[in-house]
Every structure is written in structure tokens, then in C-alpha cells.
Amino acid sequence: MRDEVRVAIVGGGAMGVGLLYFLAHEGWTDTILIEKDELTSGSTWHAAGLIPHFIGDLNVAKVHRDTADLYKVIEEETGMHSGWHGCGAVRLARYDNEVDWFYYVKGMLQSIGVECHLLGPSEITEVAPLLDVEPDIKLGLWTPGDGWTDPSAATNTMALGARQLGAEISRKNRVTDMSLLPDGRWEVITEKGRIVAEHVVNAAGSYTPQLGEMVGLEVPIESVIHQYLVTERIEEVAALETEHPVVRDPRASCYYRQEHDGLIIGPYERAEAKEYGVGGIDWNLTFHLTPVELDRLLPWLDLAAQRLPCFAGAGIKQVVSGPITHTPDAGYLMGPAPGLPNYWYCAGASIGITQGPGAGKYLAQWMVHGQTEINVANMDPRRFGPYAPGRYTHERSIDEFHEMYQVRMPNEYRDAGRPMKKTPLYDILDAKGARWQEVWGWERAMYFSPDPEVYSFRRSSAHDEVGAEVRAIRGGVGIADLTAFAKFEVTGPDAAALLDRLSANRLPARDGGIRLVHMLTTLGGIESEMTITRLGPERFYLNSAITAQWHDFDWLTSHIRDGEQVTVTDVTDRTGILAVTGPRSREVLAGLTGADISNRSFPWLTGQEIEVAGAPCVALRVSYVGELGWELHMPLNRMVEAYEAIHEAGVSHGIVDFGSRAMNVMRLEKAYKAHGSELTTEITPVEARLGRFVDYGKDFQGKDATVARRDQAEPLSMVLVYAELDDGDADCLGNEPTYDGDRIMGITTSGAWAHSVGRSILFAYVAPEFEAPGSTFEVGVMNRRRTATVLAEAVWDPRSERLRA
């Protein structure tokens, strides 16, 4: 066994072995995978082995695609069969919302090259003859490239491929301790000896939280018991001439697949799901199953028998019951652990046989190159904060298990695990009818209404109420609680040097100046977007998205050089934000502060430390909605008095409360690009058309790659455009395909109905020849091709006259 390596991976399931395989293919073979028993002896071995393409997240769909592609061809490399069975799959829809979801997913899958087809009820039974689709099925989504594999064979095939390239696997060797050494490397203590590694990866499956405890990490993963049945021989199955496709049935919350001459029936019960191993799992368990509890499955098995009549009289040969890992959002953890150098996760997948190889591919890219070719924000472990482990993870993971096969509606935020973090204004806004979303643990108002939303993939019941908020702000003034944003203070003699080399844009030159900056990877990808306010020569105040709080703190602190005198302080949880914006905002605030907030004394894109209604504030004259306005950053415990004073002063000016939905509409009306949608690590500032935010006259991280992209001889593959969509009852959600004739050339990134002007608008990536204003292209929206026309400027205040007022 090697005692010094570049990478030590702990855990020999599909996730850990998938990473070992792809690290070897990236050229990192000075690696070792450490498994406490045999490969696949945890959750992997008892999985049903399904490989679906259907999923509602574009980038996770790419992971699924890459996994299926690998399993189909890896035998050519290794000489070992992966166990792949390419039988296809059908997913069933009963309701209009499910139908619309299928329309959306179909367009998304086709944009990444996954073959899929919509089938009517009679067409479903042509490919899946064992089903009874009467009377409720409206539509099916058929993915011919789906299948299933033997979990042990698939994992061992990848292990063989990794070993053939020089990677090492140490079996029957439990990790007993781990610590960070003074030189920044990791000491891994195993039953067979000590290993020192530059990088460690926690791929320990159900043991991930226990392994994390060794280095002080609390991990938002919980294991939930999943049971499936294997039937005896069924004559109708035996009589089939070709293998029956896998079926996913939301009514029964079950999957069905053929197993020899019988079936596997796997329910995700929608009530009474049972967690496993909370507080720790016995390290000595291997190839372990939990006691069978069929009573919990009976309601779902009854529904399965109605959908699959041949199952009704079938004998049961075996029931498999074992723990599967889950996270609060059903995604896995792939990426850096917060606050620890070169400690990575590759764990938490509820369908690890599907996600292990693809996750390994992109994590290998991240570790080797510092950037992935896809957007991995929804996989990054830092998308959860310190609020997550415990009650939140437990309740959310159980809820995600219950909802495994149910439609995910736009703007739906389920109640499980909430609330975790509330601002001091929560009760006040709740009494006014706030409809809440949860972002990084915080409760944030989406819009205000006495009635709950009727969700839709088209325009929902909240459409008019959001529109009323938009129009009220455009004509008067609005106030919003924006506390749920990340906030950092960067101070010290070297603070400016740190921020300058990380920022593609120049820093503000004068005290009180504000700049929007983008921070890039070494390959030029857009890693972060922040607003930087200079409060003094050695004192800067930074704001970014709340979902990036841990990510951005890590990004800033990890780039401090030895000997630099700079301190990064996260002040998010002690600082509240009130946004007061609209053409009458100055009139509202003028009587509440002794500061001169006239345009001459307090111009656009400047900040000052003032008092508002007696509360000390860092007041920033910025507005994400494209209106005259201020963000008031103040101590959290002063928010209520400031809010009430502002509201009282604003009554005569028609002040309204508004939420995140109206804010998003207005930022799109103003053609503001958003990090996480238009701007991701896949994209450089060149494709995103961020030229005015890049200062090529200075040095910054990623400059060489950005300049090379800007000056390359060959045309770019795609560029970002701002466009108007023709008439229809749905707006773009993001990730709809864009077409050049019948060729898919890109995707949308976001869209909305622009209430201020009565038009449907969007951002999209398209081929460069469609960039000129007036160019038209098609967008696939709800299974219909619609025409988009490229716009020359924002539909609202294109010259920013209102912002400068």
C-alpha cells in the first residue's frame, strides 16, 4: 500500500470508484481508494441498478447521460462487461402539470443529445405492453437509451479500468482517523497503516457523516431505507419477445423493471418512510440488509398491481431492504467541503449507480483543472450551510424520498424542515400575506397575497399579484427585506491587492465607490459575482448571492497569499438589508436621515455610512430593479424600527412591500444578467458579453484565458442575447432549447413576463450569427416552437436615466 499519494479516496461504492476511474483518465494515477471491506459492500450492492435519463436538472441530466454512455462502452476498454441492459424506459404522466413537466424535460434532454419521445396512451402500451394505462394516463416520456446494470459489475469494471492505468485500491482496510497536517496535506490513518495525501475525498456513502466527524464536519446526508420486491416467474413476462422497458409510475410511486422472467417492484412510499443510522452506523456491517417491513409498502403495491395487472397474482421470491443516502434536495454532494483545503465530497447520491461515474468525471475535472465543463453549483456541497445538518436534513430527506416520482413545480418550496432562519421582519411580513421561499436556510418573501399559489409551468395564479408589485414600484416606491444575501468585510493593508487580482473589473478608486465585479477561474470561467464597496483604503464591503455564502468565503480566503495582511469576515448573519426603491424613494427616505441624499451629494453607484430612522447603515445607492433606490445595510436588531419608520413615511407615497419574484421580473426588464443562470463557470465573460465589466488593462486571475477566448480566430460556439418571445401563455423558465432551423444551438437561461411593458422576455445562448438586434430564432417552450427576436437594449430604461435621477 502506498504511504504518500496525491489523492486518497475513502469509500468503494459507485461514487468513489467512479472518481478513481476518471482521475486516472485525467492523468492522476498517484491515487489510492480505501475501502473498509469489499468494493460495493455498502449501499451499492443492493441497488436495483436503474440508469434513467429523466431528471429536471439540466446539469445532473448531463451526469446521467455520461454514465449511461460509459456503461455502454467500457467493456471495450477493460474487457469486462458492465452488466448493462439497454431496455429503455417510460415515465407516466396523469395530470396537466405532469404533462407540462414532460414537455419541459423533453426539450432539456434533447438540448444535450438525449433521445426522448412523447407517447400517447396507446403508444405507451406498444412499448410497455404489461401496463394498464386506463383511465388516468395522459402522456408518457419514452427514453430509449435508458436501461439498468448490475451494480457490482458496473463498479468493478470501473475499478479495473482505474487499476489498468495505475491507480491503487486497498480493500478490507478501514479508515480510523484523519487530520490536516501543518504542511497542508492530509494524514489518513487506516487499519493497514498511515497514508499522507495532498487531497482526500469522502466517498463513504452512508458513513459519510461519520467520516466527516473525524475532521469536524457536519454533513447534510441521511440514509433512508428503500425496499423492493423480486417476484417469482410471471407467465406474461416470460412470454415477452423483448425485454420490457423500465417504468416509473407516479401514482404508485414505484419503478418496475424486468428481472429474468419476473419483475422488480420498487416503491418510494409517500408516507412513513424510515430513516436509518441516525447518530452513526456500525462500521462492521458489510453487504448488510435491514429487516423487511412490508406493511409500509402495501398501499403502493396495491396501486402497482392496478397499473401492472400481471403483478397482482405474482409470488414474491425476495424482498431487498437497505439504506440509501439522501440529501435535503435529492442531489448529491460533489465538491469541496467548506473551510478545509483539498477535502472533497463525492457522496450522498440516492441513485448512485446512475450518478457515480458522471459525478466522478466532473469532480475529477474540478480537482485537476480547477473548473468543470458543466455548471456544478447544484452539486457543490456548499449549497447547504451550517443550518442544514440535523432537523432540516432529516425532514427534507424524508420528504424528498416521499416525492421521488412527483412533479417538481416552478416556485414550489415545500414545508419540510422549515423555517430554519427568519429575519426580524418575518412575523410582520407574514401577517401581510408574504408567500415564502427558502434560500440557504433563510425565509425570503416571494410576493404578497392572501391566497396560496396555484403552481404552473405556465403563468401561475401569482402572475397578477407579482405584476401589481412591479407596477407599484415603477410608479412609486417599494420596500423589500433583502437580508438573505451574503455579506463580507475584507480589511487590512493587502485587502485591495487581494480583491484586485481576483476581480476582472477594476476596483472602486475612491472611498464610497461601488463596482460590480466578476471573479474568474484560471480557465476564465465566471466563478463569482460580487458588488464591492470601498469604505476606506483598507476596508471593503462585499455582497453576493446568499447561496454562495460559503463558496464565496472559501474563494476569498483560499486566495490570500502567505504573508499578506488581509482579513475576510463573514457578517451575513448579523447584517440585515432593506431595499427602498422606486422614483419616490428619495422622498420617503429624506425625512428619516440627516444625511444629504440628493443626487449631487449621494450619486448612483456610491455608498455612505449614515443613519436612517436612527439605525446605523451602510447605505448603497444601487438597485437590482433598475430604479432610483438604496440598499440599507444595518444591524439585524435594528431592522424592525427602521422598516416601520420607512413604511410610515411611505404611506403618502403609496409604498408597497415586494418580494423576490417582482425583483426578478424587474432585473430582466433592465437586462441585468444573473450569476447562476446567465453567468456560470462554463462561460467566460466573452460569451456572456460582459466586456464593460472587464478591465483588460490590468492583471487578474483568468485574464490569459479570457484574452485568448476574445482573440481566438475561430467563431465562438455561442453567445448570450437578450430577446423578446412571441405570444403564448408561458414564459421561459431557463434551459429551454434554442433552435437554428432543426438544429439545437443553445439554451435559454431565464425569462419572465415583463409587466412594465407587457412583453415576454428572456436571455438565451445562441450561435453568434443570431446576435444582431432584430435576428430571430426559435425556442422550444411547452412542446411548441416559438419565435424570439433579439433586442438591442433593455425594455426598461435602457440608458439608466431613472437610476441616475
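Which residues do ring pairs link into a cluster? Tyr255, Tyr268, Phe401 and Tyr405 are joined in this way. The model is predicted, so local features need pLDDT of at least 70 and side-chain atom pairs count only at pLDDT 80 or more, while totals for chains, interfaces and linings use all residues. Residues are numbered from 1 along each chain as its sequence is written, and side-chain values use heavy atoms, with hydrogens and water left out.

**Aromatic pairs**

- The structure contains 20 aromatic pairs, where rings of Phe, Tyr and Trp (its six-membered ring) pair if their centres lie within 6.5 Å, and planes under 30 degrees apart count as stacked, over 60 as edge-to-face and the rest as tilted.
- Tyrosine 624 and tyrosine 672 are stacked, because their ring centres are 6.1 Å apart and their planes stand at 20°.
- Tyrosine 624 belongs to the loop between strand E30 (615–620) and strand E31 (629–635), and tyrosine 672 to the loop between helix H17 (660–669) and helix H18 (703–711), so this pair ties together parts that are 48 residues apart in sequence.
- Helices (H or I, at least four residues) and strands (E, at least two) are DSSP runs, numbered from the N terminus.
- Tyrosine 722 and phenylalanine 763 form a tilted pair, with 5.2 Å from centre to centre and 45° between the planes.
- Tyrosine 722 is in strand E33 (residues 719–725) and phenylalanine 763 in strand E36 (residues 759–766), so the pair ties together parts that are 41 residues apart in sequence.

**Exposure of the paired rings**

- Tyrosine 624 is partly exposed, at a relative accessible area of 32%; buried means under 20%, exposed over 50% and partly exposed in between (1.4 Å probe, protein chains only).
- Tyrosine 722 is buried at 7%, and phenylalanine 763 is buried at 2%.

**Charges over rings**

- Arginine 6 lies over the face of tryptophan 28, at 4.3 Å from the ring centre; the criterion is NZ of Lys or CZ of Arg within 6 Å of the ring centre and within 35 degrees of the ring normal.
- Arginine 257 lies over the face of tryptophan 148, at 3.5 Å from the ring centre.

**Helix H2**

- Helix H2 (residues 58–78) is mostly covered, with 15 of its 21 residues buried.
- A kink of about 45° in H2 is centred on lysine 72, the bend being the angle between axes fitted to the seven residues ending at a residue and the seven starting there.
- After H2 comes glycine 79, whose phi is positive, near 80°.
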